[in-house]
Amino acid sequence: MTYEVKSLNEECGVFGIWGHPQAAQVTYFGLHSLQHRGQEGAGIVANNNGKLHQHRDIGLLSDVFKNQADLDKLTGNAAIGHVRYATAGTASINNIQPFLYNFTDAQFGLCHNGNLTNAISLKKELEHEGAIFNASSDTEILMHLIRRSHHPEYIGKVKEALNTVKGGFAYLLMTEDKLIAALDPNGFRPLSIGQMSNGAWIISSETCAFEVIGAKWVRDVMPGELITIDDNGITIDTYTTDTQLAICSMEYVYFARPDSTIYGVNVHTARKKMGKRLAQEFHHEADIVIGVPNSSLSAAMGFAEESGLPNEMGLVKNQYTQRTFIQPTQELREQGVRMKLSAVSGVVKDKRVVMIDDSIVRGTTSRRIVSLLREAGAKEVHVAIGSPELKYPCFYGIDIQTRRELISANHSAEEVCKIIGADSLTYLSLDGLIESIGLETDAPNGGLCVAYFDGEYPTPLYDYEEAYVKSLEEKTSFFIDDVK
């Protein structure tokens, strides 16, 4: 089977609520807003007077809960939910979260956004001690660490477990009497707190979910924080003070919805500023600007405003097609792109086009879009990317963990330009990215993780260190005839 990296994918989205009589229904709406973060599976665990119950399955949220009865049976005033994209573990029902654990002395539900860098070592250690894993994802590790802890208090057990796992993580943990949220010491993944008008507390991967359910943003969860919500209200604690903000820069570039705000910066505004800066760094003559829908539209607006060029709808996306990044033949792969995107000949014909996109991973998509524009009559196609060159893998929750998947790892910008068939190729500078996002912090790289661009990781890589070193030695060539 040929695996084609169609685009970047983030692991998942999490949502939790405490204190609402229709908690599961609200969680469904919240997860719907987070569907872009994962389309492989979804689930909800609800709390009904201390009794936890669950429904989960493979597929989109609307497929998992296509029968209203599946949602109606999740009664109670508290719930946690999850939408999944697999970076660790297979697309099996056993890996669909939230997990629900039924012990003789307790129940709890658990879901996770991110990726642990010491998961392999911890699994071996725990299995040696007799632990049994039902799933192949790394989320289950936290449960075993909590259960083996000898700390006399439950929160102490959780803190001990959180200080044992390493990497990127945003956890939601539901017990019979509380909802617990925790963020890794670098805040790689976003997590925010909101509150509804009836007093119900909300935890969500993105603030866009607050708008849908009528909640107001209260604050972001900060690196190393432990949030506990119960019938008495909310408690903000820490499990470590050894923290350094390094949120994934690709949240602003690609992953997050444009109507979300992360650490005080609106995603649309950040992308628009990226487009403005990109226009300043672009040095070619052109007639029109078009953005690749949907994540690049904000950057295209900024580029057009700064350059004075008209921002046109030269590409139209079919919103009703499913992902097509695995297809058995080249012909079907090409057809898949045509089903998802169409070039508007009446807009691009005889024009020098600036095509704005958020990133280039393997180059497959860029090459096909350039080809579509040329077939539609574009005189020239200049590709401008709203982020720097992706040269290094990610180990904190993005599904790229080898340099073999990255065209820029072994090819210069000039070579990539030739491979994708463009007349020119311009990337946003690293400084331009950091300054465009503009977090108010003194942390390195403006509080961003930019390891995908410069290879400087904010933390040790633990189990991935050897694989990373090996990937630096690998050489992969992408030729014009075999970009697949």
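Trainee: Where is P98 found?
Mentor: P98 sits in the loop between β4 (78–84) and β5 (99–102). Keep in mind throughout that this is a predicted model.

Trainee: Got it. And is the peptide bond from Q97 to P98 cis or trans?
Mentor: That bond is cis, with omega near 0°.

Trainee: Which bond is cis with omega near 5°?
Mentor: That is the peptide bond from P293 to N294. As for its place, N294 belongs to the loop between β17 (288–291) and α10 (297–307).

Trainee: What about N445, is its phi positive or negative?
Mentor: Positive: phi of N445 is near 55°, and this residue is not a glycine. You'll find N445 in the loop between α15 (430–437) and β23 (448–449).

Trainee: Changing topic: how is the chain divided into domains?
Mentor: The domain assignment gives domain 1 as 12–243, and domain 2 as 268–317 + 332–440 + 460–473.

Trainee: How many residues of each are in contact?
Mentor: On the domain 1 side 16 residues take part, and they touch 11 residues of domain 2. The area buried between the two domains is about 1000 Å², with carbon and sulfur atoms giving 54% of that.

Trainee: Which elements supply the domain 1 side?
Mentor: β6 (107–116), α4 (119–128) and β7 (167–175) each contribute at least two residues to the side that touches domain 2. By type, that side of domain 1 has 6 nonpolar, 8 polar and 2 charged residues.

Trainee: And how many salt bridges are there between the domains?
Mentor: The count between domain 1 and domain 2 is 0. Polar contacts are another matter: 7 residue pairs are found across that interface, both partners at pLDDT 80 or more.

Trainee: How many salt bridges does the structure hold, then?
Mentor: The structure holds 16. One of them joins E206 and R37, with the closest N and O atoms 2.6 Å apart. E206 lies in the loop between β10 (201–204) and α7 (208–213), while R37 lies in the loop between α1 and β2 (41–48). The pair links distant parts of the chain, 169 residues apart.

Trainee: Nice. What about aromatic pairs, how many does the structure hold?
Mentor: There are 16 aromatic pairs. Among them, Y28 and F65 pair edge-to-face, at 6.0 Å centre to centre and 85° between the planes.

Trainee: Where in the chain are Y28 and F65?
Mentor: Y28 is in helix α1 (residues 23–33), and F65 is in the loop between α2 (61–64) and α3 (68–72). This pair also links distant parts of the chain, being 37 residues apart.

Definitions and conventions: Residues are numbered from 1 along each chain as its sequence is written. This is a predicted model: local features need pLDDT of at least 70, side-chain atom pairs count only at pLDDT 80 or more; totals for chains, interfaces and linings use all residues. Side-chain values use heavy atoms; hydrogens and water are left out. Domain bounds come from an automatic or database domain assignment. Contact means heavy atoms within 4.5 Å. Buried area is the accessible area (1.4 Å probe) that two parts lose on being put together, summed over both. A salt bridge is a side-chain nitrogen of Lys or Arg within 4 Å of a carboxyl oxygen of Asp or Glu. A polar contact is a pair of N or O atoms within 3.5 Å; within protein, one must be able to donate a hydrogen and the other to accept it, and residues adjacent in sequence count only if both atoms are side-chain atoms. Helices (H or I, at least four residues) and strands (E, at least two) are DSSP runs, numbered from the N terminus. Ala, Val, Leu, Ile, Met, Phe, Trp, Tyr, Cys and Pro count as nonpolar, Asp, Glu, Lys and Arg as charged, and the others, Gly among them, as polar. Rings of Phe, Tyr and Trp (its six-membered ring) pair if their centres lie within 6.5 Å; planes under 30 degrees apart count as stacked, over 60 as edge-to-face and the rest as tilted.
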